[in-house]
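Let's take a quick tour of this protein. Have a look at the model first, and then we'll go through what holds our attention inside it.

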Amino acid sequence: MSHLRRPHIRLRLAALLLVLTAPLVACSDDEEVAKSFRQDLAEIVTDADGVQRYLVRDDGDTLLVTNGAARNVLSPDTVYRVRALYTLNDQGAEVSTLTSVFSPNPVEMTSSVVLRDSLSLDAIWRGGRYVNLLVSYKSGGINHSAAFIDNGIVTSPSGTRLLRLTLYHSNNGDREYYTQQVYMSCPLYNYADQLTSGRDSIEFTVTTYDGTVKHRLPY
C-alpha cells in the first residue's frame with residue numbers, strides 16, 4: 001500500500017478544501033433523529049480498484065465504509081488524510097462527506113529559505129500517526145504556500161530524542177481582508193524506526209501573529 005505524497009513545496013491552501021461528497025439519500029424524521037454524526041480527522045484507505053473501503057480513525061479503529069461514499073473512485077491502494085463526517089452502524093461507518101486535509105511529508109530545507117509568514121495557531125495536538133494543526137490566516141484571495149520542515153533529530157545526554165519540525169508558510173504577498181481556517185496533519189510514520197513512543201518527543205515551531213511559539217508533544 002502506498003501513501004499519498006505531494007512532491008511540491010508550494011501548495012495551494014485554497015485548493016485543500018476539495019470536498020468528496022457522497023450521494024445523500026432522503027430519510028424519515030425518525031431516521032434523522034436516530035443518527036448521531038461524528039466529525040474526525042482520519043484516513044481513508046482505497047483498494048486495488050480505487051474504491052474507498054476503510055475509514056481509519058486516529059484512535060486506531062478501522063471502520064468499513066458501508067455507503068455510497070465508496071463510489072467516489074480515487075487512486076488505488078492509497079491512504080488519504082481527510083476530515084470525515086460520518087455515522088456509525090453495525091457494519092462500520094456511513095460516510096456523508098470527506099474533505100481533503102493538507103498532509104505532505106516533512107522535508108529538509110535550508111533555514112535561510114524557510115518562510116514563516118504569520119498566522120494564528122488555533123489548536124495543535126498529537127493524533128494517531130500525525131501532529132494535527134488548526135490554523136487561521138488572513139487572505140485577500142491569493143493562494144498561500146505551506147510545508148512541514150524537518151529540522152532534524154536531537155539526542156539528549158540521557159538518550160531521549162527530540163524531532164524538530166517547523167511550519168513553512170508564505171502568504172505570497174496576499175492582502176489581509178478576511179480569515180481562512182484550515183486543518184493540517186503532519187505525518188510521523190516515516191520516523192517510526194528513529195523514535196520511540198512514550199520516550200521521545202516532538203518540538204513543533206510555528207510563527208504566529210503574536211510571535212514564534214514552540215510546542216512540545218509526545219511521539
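## The main core

A nonpolar core here is a set of buried Ala, Val, Leu, Ile, Met, Phe, Trp, Tyr and Cys residues joined through side-chain atoms within 4.5 Å. Keep in mind that this is a predicted model. Its largest nonpolar core has 24 residues, and the ones touching the most other members are Val131, Leu133, Phe148, Leu165, Met184, Ile202 and Phe204. Strands E8, E9, E10, E11, E12 and E13 each give two or more residues to this core, with E9 supplying the largest share, four residues.

Take Leu165 as an example: leaving aside neighbours within four places in sequence, its contacts include Pro106, Ile149, Cys186, Tyr191, Ile202 and Phe204. There's also a second, separate core of twelve residues, with Leu55, Val82, Ala84 and Ala93 among them.

## The overall build

The protein has 14 strands and one helix. Of its 219 residues, 42% count as buried. Looking at contacts between residues at least 6 apart in sequence, 69% join residues at least 24 apart.

## Charged pairs

You'll find seven salt bridges in the structure. One of them pairs Arg81 with Asp58, at 2.9 Å from N to O. Arg81 sits in strand E6 and Asp58 in the loop between strands E4 and E5, so this pair ties together parts 23 residues apart in sequence. Arg81 is buried, at 3% relative accessible area, while Asp58 is partly exposed at 25%.

Another salt bridge joins Asp200 and Arg199 (3.5 Å, N to O).

Conventions:
Residues are numbered from 1 along each chain as its sequence is written. This is a predicted model: local features need pLDDT of at least 70, side-chain atom pairs count only at pLDDT 80 or more; totals for chains, interfaces and linings use all residues. Side-chain values use heavy atoms; hydrogens and water are left out. Buried means under 20% relative accessible area, exposed over 50%, partly exposed in between (1.4 Å probe, protein chains only). Contact means heavy atoms within 4.5 Å. A salt bridge is a side-chain nitrogen of Lys or Arg within 4 Å of a carboxyl oxygen of Asp or Glu.
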